[in-house]
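Thank you all for coming; I would like to walk you slowly through one structure this morning. Please keep the picture in view while I speak.

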Amino acid sequence: MKSMKESFGIIDDEGNLFGVINIIDALVVVFVLAALIAGASLVLTDDSDSSSAPTTETTNVTLDLGTQPEYITSQISVGDSYSPSKNSDVTITDVYFTPQDESTRAVVRAELSAPKSGETIQYSGAPPRYGRQLEFLTETYSTAGTIRDVGGGAELTTTETDVVLKADLSETDARRLSAGQQIRVQGREVATIKSVTTYGTNNPDTKTVFLGLTLQSVAYGEQRAFGGTTIRPGASLSLPTEAGLIKGEITRVGATTQRGQPATRDVRLQLSNVSPLLANSISPGMTESFGGKTVARISAVQRENATIVTKGQNGDIYERSHPINQDVTFTANLSVRETDTGVTFKDQTLQQGRVVTLDLGTVTIKATVISGYR
């Protein structure tokens with residue numbers, strides 16, 4: 001009986017398959033082909049998976065980083081980037097600094113890059129919502145910010161906003177302020193002083209200053225903000241000036257001067273029942289002036305003994321002249337502003353009976369308006 005080799009001629013006496021290739025070599029070839037087929041299948045599978053991967057898109061946001069120390073703000077710059085997770089990146093595209101008390105507030109515009117899911121991106125696992133906190137880490141600094149705006153361009157929407165700021169300052173600090181001074185933070189201009197108006201107060205060492213300012217503000221929809229302050233009458237604002245840190249209150253928005261048109265009025269004023277020393281200290285020609293600007297000048301003075309009211313033993317009422325004290329009536333030419341609601345002096349409406357303060361250099365008086373205020 002013939003062997004299988006002889007019957008079918010598949011493997012000869014020397015172990016060659018079909019008399020051509022050794023059986024061992026054939027098995028090696030089969031193994032290599034199987035590996036190639038498996039590799040090709042894996043590549044095709046990977047290509048199929050990659051085609052179904054989510055699309056990466058970008059969205060711009062405004063991040064309020066809050067107040068930061070100088071060693072942080074000095075490092076923040078356009079181009080800084082951070083990747084908090086796979087396929088999520090944030091890059092700063094614009095920077096805005098403003099003063100806030102003794103610190104600096106930083107607001108940046110940033111581009112978020114992340115996979116898209118539905119109508120928005122999923123930055124580090126969640127949509128970029130208003131109010132969301134985002135970390136920002138680089139090789140030189142670490143900080144975090146709150147999303148205040150989503151969408152729009154790569155740059156912050158900044159605009160110039162005119163305001164009037166009222167502040168009480170020492171006389172020395174008030175003299176260091178002048179129109180044209182620029183206020184800078186981290187080398188960037190954030191505000192410019194357009195006008196300075198200074199008035200005396202009850203305290204001869206303190207002046208009330210009205211500063212006309214042009215602020216570099218950021219727009220959030222219809223609102224404008226300077227750092228963390230929404231610009232509106234009554235809002236508090238702080239500025240680092242050549243006179244030091246000024247803290248004041250915004251009294252007007254949209255202009256750099258006080259309300260109304262400048263004018264003058266001859267107003268009759270009176271001091272009642274004052275000592276002879278005070279009465280004799282007031283004379284024609286005295287002025288309230290500051291920085292070369294005169295806000296009040298006395299032109300005429302009348303003095304007479306003050307009238308006092310006494311009650312007799314029988315209950316009758318009598319008017320008599322005071323033996324020492326005097327009433328002083330005088331006329332002062334006041335620098336006022338005419339508004340739609342009346343005439344103002346030192347930002348207060350002039351009315352009969354209103355008490356005004358005059359710092360005449362050698363004496364500070366509080367006198368009552370009698371007439372001439374219309």
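Let me begin with a definition: a salt bridge is a side-chain nitrogen of Lys or Arg within 4 Å of a carboxyl oxygen of Asp or Glu. This is a predicted model, in which local features need pLDDT of at least 70 and side-chain atom pairs count only at pLDDT 80 or more, while totals for chains, interfaces and linings use all residues. Residues are numbered from 1 along each chain as its sequence is written, and side-chain values use heavy atoms, with hydrogens and water left out.

By the salt-bridge rule, the count comes to seven. One of them joins the side chains of lysine 346 and glutamate 288, at 2.9 Å from N to O. Lysine 346 sits in the loop between β22 (342-345) and β23 (348-349), whereas glutamate 288 belongs to strand β19 (residues 287-290), so the pair ties together parts that are 58 residues apart in sequence. Strands here are DSSP runs of E of at least two residues, numbered from the N terminus. Lysine 346 is buried, with a relative accessible area of 15%, and glutamate 288 also counts as buried, at 4%; by buried I mean under 20% relative accessible area, by exposed over 50%, and by partly exposed anything in between, with a 1.4 Å probe and protein chains only.

A further salt bridge links aspartate 64 with arginine 148, whose closest N and O atoms are 3.4 Å apart. Because aspartate 64 lies in strand β3 and arginine 148 in strand β9, this pair ties together parts that are 84 residues apart in sequence. Aspartate 64 is buried at 9%, while arginine 148, at 29%, counts as partly exposed.

How do the strands around this bridge pair? Two strands pair if DSSP finds at least two bridges between them. Strand β3 (residues 56-68) is joined to strand β9 (residues 142-150) by four bridges, and the two run antiparallel, with valine 61 opposite valine 150. Strand β3 also pairs with strand β6 (residues 103-117) in the antiparallel sense, over 12 bridges, and there threonine 67 stands opposite arginine 105.

Which aromatic rings pair with one another? A search of the whole structure finds three aromatic pairs, where rings of Phe, Tyr and Trp (its six-membered ring) pair if their centres lie within 6.5 Å, and planes under 30 degrees apart count as stacked, over 60 as edge-to-face and the rest as tilted. The rings of tyrosine 82 and phenylalanine 136 have centres 6.3 Å apart and planes at 55 degrees, so this pair is tilted. Tyrosine 82 lies in strand β4 (residues 81-85) and phenylalanine 136 in strand β8 (residues 133-137), so the pair ties together parts that are 54 residues apart in sequence. Both residues are buried, and Tyr82, Phe136 and Tyr141 form one aromatic cluster.

I will finish with serine 88, placed in strand β5 (residues 88-100), which counts as buried at 1% relative accessibility. Among the residues that serine 88 touches, not counting those up to four places away in sequence, are Tyr82 and Ser124, contact meaning heavy atoms within 4.5 Å.
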